[in-house]
Amino acid sequence: MAQIFPKRFALWFQLFLIAVAVGFVSWAFLWRWAMADPVGIREPVEQPVPFSHKHHVGDDGIDCRYCHTSVGQSAYAGIPPLSTCMTCHSQLYTHQKVLAPLLTAFDSGVPLHWKRVYKLPDFVYFNHGIHIAKGVGCASCHGAVDQMPLMSRQQHLTMQWCLACHRDPEKHLRPRAEIFNLHWHPKNQLALGTRLMRKYQIDKRRLTDCSTCHR
Amino acid sequence: MSSMTSRENTAPVRVDPASIRARLAGQHGRRFWRSLEELADSEAFHAWLKSQHPRLAAAVPLDRRGFLKLLGASLALAGLSACSHPPETEIVPYVHKPIGQIDGLPRYFATVLTRHGYAHGVLVRDDMGRPTKVEGNPQHPASLGGTDIFAQAAILQLWDPDRSQSVMHGNTVASWDDFAGVLADRAMHFDANGGAGMRVLIGPTTSPTLIAQLAALEKRYPHARWHVHDPGDVAGRNELARHHFDRAKVIVSLDADFLSDPVAGVRHARDFIAARNPEDARQSMSRLYVVEPTPSVTGSMADHRLPLASTAIPAFAGRLAARVAAGDTSGAGSAHAHARWVNAVAKDLLAHHGASLVVAGHTQPESVHALARSMNAALGSIGETVEYTASLIATPNSGDGSLAALVEDMHAGKVDTLLMLGVNPVYDAPFDVDMIAALRRVPHTLHLGLYRDETGMLAGWHAPQAHELEAWGDARAFDGTASIAQPLIAPLYGGHSAIEVMAMLLGGAPAEGHALVRQAWRKQLDDDKAWNEALQSGVISIPPPLRGDPIRADGGEAALPLRHESERARSAMRGMAFAANPDIPPRLRRDSLRSEGGENLELLFRPDATIDYGAWSNNGWLQELPKPLTQLTWDNVVLVSPALAKKLGVQNFEGVELRSHGHSLRGPVWIMPGQAERSVTVHFGYGRKHAGRVADGQGFDAYALRTAVSPWLATDLEIVATGERYEIAQTQHHFAMDGRDPLRVGTLDEFMADPKFATAHDRYGPNPPSLYPDYPPADYAWGMSIDLNACIGCKACTIACQSENNIPVVGKAQVRRGRELHWIRVDRYYEGAAENPDSYNQPVPCMMCEHAPCEVVCPVDATVHNTEGLNVQVYNRCVGTRFCSNNCPYKVRRFNFMQYADKHTPQYKAMRNPEVTVRRRGVMEKCTYCIQRIETAHIEADKRDRRIRDGEIVTACQAACPTQAIRFGDISDKQSNVSQAKASPRNYAMLNELGTRPRTTYLARIRNPNPALKDEGS
């Protein structure tokens, strides 16, 4: 049987195959890039005022709830109003250049626009209050913020990650006294977690209902 | 076949009355029908139903090849549409946080919304500074926790992007300083001449602050005058009757639609239903007779309803009054029409001395009111079931305060400056009051309005009015209870309220709403504590001036003793005694006999059921709400009786021309079962020219035929079929559960004989056999009970749900395709002959089936069962196959065929409930039992390691319901409110035979007919 295609066609065919492979790979990369979060994981987010949790929490020892006042009551932990900043900064470091936007905002009454670091989709209804009440520590999601000069996201915030804890909460629960302790490590998490599950009356069946987070 | 399939509503089916009668004659047992077409059940109707189903294909005219091309292209491009980063978002915290606010937690503020001047107490939810939902105020006498559709829709009105946004001088944008400057300039001019030529036109008001300002105006400018204009003529009712429907055993309504009364409809509904519980051992169920020309919400609740021309009602009332006055229970009546009715009703009334009530409608002449009063007096009802007091609407101390008087003076050139506060007379004045020409004769016209409407366009100056949720104010309820209205938000467009503009005119401090109201109440609420208490409770706990005289413009409230019988009632009684033997009082005889005997048609004018007199025209929620009884949306129609339609040879949606007083208008016909034969009804509120993008151009303007002399009735009507066809959206056939038995109705006697009559014919018990295993029990099992006996069909639930759950408006064209998104619909059924059928309402939310047919067919698990028995819809999983909707026997699932939710208009973004996802195109949605409220209560209870208390979760529909027909709670707790409702023998599950085991169940409707009228039809 005679060859249907001339010999030089083999080259074109090989080039075509390579093009398909390259195209596929670049499509995959493009897709990944397009769908990625604007700021990567553990990547510091620039803010209008370079607020340092490391300084305020780590060095000064200010409690989380001094600023994030509604964390136990509401779905939102609460970002402090500028008047909270001014409780100290009306006196301290008032001439520092980095604080200039804060003072200008406070004087003019035009609020600061902070960049959001932890962003969930609109159809997810996360509630800080219930997590605090049921013994999930701040560090479980936010990491050791006392070591972060600029805030960065510590977890992927994928549904799989949420469910990992909702399926096995005992792996993450801690006593209510240690919620705000950023460096708390239990000796036997499983035994403690199982005990706390009973104490906090956590109904595991409900935790994986769609309606728990989606409305 | 699914009704989600697109269906046009215009039924080109000829309704043949002969076939209807033939069918009704040959049937056994109960038969409910929803439309005349269905009742006729002709071959043509079935053919039409079948032919209408493939409309979806017709919507996209594609051949096979084109379809495949599009399919391929959409697959190839599908990936691209998702190509975007998650958006970068910002957090903008306060500079100073408002006191008492916890970020993310809603707060509720008590205030009042007024309808035709009267206060309706509400609690408004504030989500981080944005008012997002209205609930009733349980402490307010006009609400008791319930609301009407208008209170719910006030949220959309507040956020309406079509509201007036700037001061306009002619067609140029001006500032409030300019407007105030003009007012100050005019005030200076009038200071010189004592106010000659100065006129103020206001809507009806009970506001003590405004009334005090008007008194100050009269004092400062003795020649100035003020007028009240209200198309609903609530101001014209010079007497206010306080009805106690809960105390009445027999109620006779003479064309009174007291359940949708703007003054106290919500309270009436609550009281009325309180006396209609067949299971209440302490009292017997009340009985309602309604005589009316055109079907109303009240008429649909009647145990006996008599369709009677409006002009024949005075004569009917006269006969009834004569019989009542004579104390004649013999039942031997003359041979006049409706003699049996009159005798039976009179006998029933007389048998319940002191517990009967005759109510006259505000569209009836004063003679009927006098007769009603005299009957109530004769029956010993005054002081028991009814109290007559003076109207609380302010009227001027001197001079004629009517619009007609004002316009006469305007034509005569006596008016120099006209200030119009919150009124739109150019649109809603009767045609014989030539407002447009009159306005042109006034040199200075100033208009304050929520919209730059027809009047705002013509006035020299227009200024945006602050919405009631944006401004300080005060108002009184029907019983005199006063409330302070507090703003929920600063005016969105810098508007000012009527009292603030009055303050600008009067000059001097203060000029700001808060200070004005505070000052007006300085005597009664003298310190901050009293003031704050009044704000917090929403009612002022000072004895109301109910038992008093009219509140005069001087602000004085003379405390007179209760007037048991007004002077007019006494004179009517005298007249009646004089005419004891003839059936009709002499004063009425000539007039009414002619109208009863003649062949004249009568044209009735009524407010639209959902958009009232036009003030709510631009409200999409209200436009799309199917109007009670007709189930029409987005349009008004000409209601005619089946007999008249046959005479005219017209079908539904065919055009007619109405002629009266030398004027004419054209509109589509709607054949209304139960309409009095010679009565034709038109509704106000449509035919708007400058209402906004929602309302402009919809329907026809019924004011074109209205006269000031006879605002509710025209007797010189001529009606001609024009042969036009109109395209109207109505939801009558949408989501039908064909050929099944969704509704259970019995009479009180049937109920007494067999309390379980509702389930007597169920093929299976409460738990029919099922192939599916039961779900394991959890801590809670949510369920709902809907009492059909308490549902009056007002549809407040539908609007409340729309507001709570961010349900978008889809528009007329989409409704015509059956794509409306209401999560709770109210089905209306008829029973009996088309001339005067009984009507029933049935609210249908998701049934939350324990064995849900929708769940098993979803290919992506987007609709699943949760632990507590809810059938949840997961929007982010849904791919829009619509299998679930096809498999739902109750037809409660709604699909987003298009991007209905407006994602761009900033006002709508701010209006939405932040606790509920805004759905995208291509996603199925349905009732969730307000899962956001369940979860919020769950979280609060779980935080404290306690159980959720009964009554802690109130769904939006339940909260809004004026009659508490809807109850919700944990059905695993036998003590809960909902469990007790479900324990009633009237409890039944809809389509129980399908084995779906719905969590929503119904309590059967019980009617209480009079045995003496057994074979009288309805």
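Helix α18 (residues 498–506) of chain B is mostly covered, with eight of its nine residues buried. A residue is buried if 20 or more other C-beta atoms, placed from the backbone, lie within 10 Å of its own. Helices are DSSP runs of H or I with at least four residues and strands are runs of E with at least two, numbered from the N terminus. Among the buried residues of α18(B) are Ile499(B), Glu500(B) and Met504(B). Just after α18(B), Gly507(B) has a positive phi of about 70°.

This is a predicted model, in which local features need pLDDT of at least 70 and side-chain atom pairs count only at pLDDT 80 or more, while totals for chains, interfaces and linings use all residues. Residues are numbered from 1 along each chain as its sequence is written, and chains are lettered from A and ligands numbered from 1 in the order in which they are written.

Chain A contains 11 helices and one strand. Its radius of gyration, taken over C-alpha atoms, is 25 Å, well over the 17 Å that the globule rule (2.2 Å times the number of residues to the power 0.38) gives for 215 residues, so chain A is more spread out than a compact globule. Of the 215 residues in chain A, 19% are buried.

Where pLDDT is low, the predicted coordinates should not be read in detail.

Notes: Buried ≥ 20, exposed ≤ 12 C-beta atoms within 10 Å, placed from the backbone.
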